[in-house]
Amino acid sequence: MSTVAKAISLLEVLGGGAPEAALADLAKGAGFDKATTRRLLVSLIAQGLVEQDEATRLYRLGAGLTRLALMREAQFPFLRMAVPVVEMLAAETGETVHLSEYSKRGLITVQVIESAKANRVSVQLGDVLPMHATASGIAFLAFTEERIREAILAGPMPAFTPFTIGDANTLAEQVAAARARGHSIGAQGFEEGVMSVAAPVLGTDGYAIGAIAVAAPRVRTQKADIERLGVSVTAAGREIGERLFGRLAGQKRA
């Protein structure tokens, strides 16, 4: 593992748990020895990506990450354009709505608005969504480049529930169906008791750059609800693409 990869791994450990952590806990979580962890932390602190409380000696994510995020958003305003659409979809459906953006690491959850209902689906910011096990992943695969789709179809496909898709043929069928209807339907593939509907957000070349999804408890989701949510989420995905790139977004290949 390269030094950069180790540093990123350490940042993910630091961001995935409590707001602050001790050196020993970070070393254990990242799988590094204390000396390596300390050396990486010193470098990250120097760049403002990690901070250390002078009193407690605990570490936390630094303001430098916010600066990088703001710079990225200024260049590519994905969240600024998408958040109003996410909010409108959540208000319309009354269910949890989450937005994901694709990177080399996979589909990363970048915005979540949870339902106000007592029985609701919870999604965590920063979660990497498995392509084969989520409606978001299948919607993305339906409109992504062939090389990305083939890599996922080649596996592995770990099981999260008894309903998780575990073979390439079934996944390919689900992807084809999602492409035909313009959105995907997920049934308990990532978490039991959860139904979800997702649509891609398309770039100017027609390939997906992310996905928007509505997730609801299975006990109150009927066939008519799935059809209604499918129409709404498809429109929301199209709206985000148009806000980002204009009304012709995604038409070239979609």
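Biologist: Which elements do the buried residues of helix 2 pack against?

Modeller: In this predicted model, the buried residues of helix 2 pack against helix 1 (3-16), helix 3 (34-46) and strand 2 (59-61).

Biologist: Which residues of helix 2 are buried?

Modeller: Within helix 2, residues 23-30, the buried ones are L26, A27 and A30. They lie on the same side of helix 2, because the arc they cover around the axis is only 100°. Now look at the face turned away from that buried side: there you find the exposed residues D25 and K28. Just after helix 2 comes G31, with a positive phi of about 80°.

Biologist: Is Q188 buried or exposed? And how should I class R57?

Modeller: Buried means under 20% relative accessible area, so Q188, at 10%, counts as buried. R57 is partly exposed, with a relative accessible area of 45%.

Biologist: Where does a cis peptide bond occur?

Modeller: Most peptide bonds are trans. In this model, the bond from G155 to P156 is cis, with omega near 0°. P156 belongs to the loop between helix 7 (146-153) and helix 8 (168-181).

Biologist: How do the axes of helix 5 and helix 9 cross?

Modeller: For a pair of helices, look at the distance and the angle between the axes. Those of helix 5 and helix 9 come within 9 Å and cross at roughly 160°. Angles over 145 degrees count as roughly antiparallel, so helix 5 is roughly antiparallel to helix 9. The crossing is right-handed. Residues making the contact include M81, V85 and L89 of helix 5 and V233, A236 and I240 of helix 9.

Biologist: Which residues have the most contacts inside the largest nonpolar core?

Modeller: They are L89, V97, L99, I212, V233 and I240, in a core of 20 residues. Helix 5 (78-93), strand 3 (96-103), strand 7 (194-202), strand 8 (208-217) and helix 9 (223-245) each supply at least two residues of this core. Apart from it lies another core, of 17 residues, with I138, L141, M157 and A178 among them.

Biologist: What does V97 touch?

Modeller: Leaving aside residues up to four places away in sequence, V97 touches V86, L89, A90, Q111, V112, I113, I212, A213 and V214.

Key. Residues numbered from 1 in each chain as written. Predicted model: local features only at pLDDT ≥ 70, side-chain atom pairs only at ≥ 80, totals over all residues. Heavy atoms only, no water. Buried < 20%, exposed > 50% of the residue type's maximum accessible area, 1.4 Å probe, protein only. Helix = DSSP H or I, 4+ residues; strand = E, 2+ residues; numbered from the N terminus. Arc of directions from axis to C-beta. Contact = heavy atoms within 4.5 Å. Core = buried A, V, L, I, M, F, W, Y, C linked by side-chain atoms within 4.5 Å. Axes fitted to C-alpha atoms, helices over the stretch in contact; angles between N-to-C directions. Parallel < 35°, antiparallel > 145°, perpendicular 65-115°, else oblique. Left-handed = near helix turned anticlockwise from the far one by under 90°.
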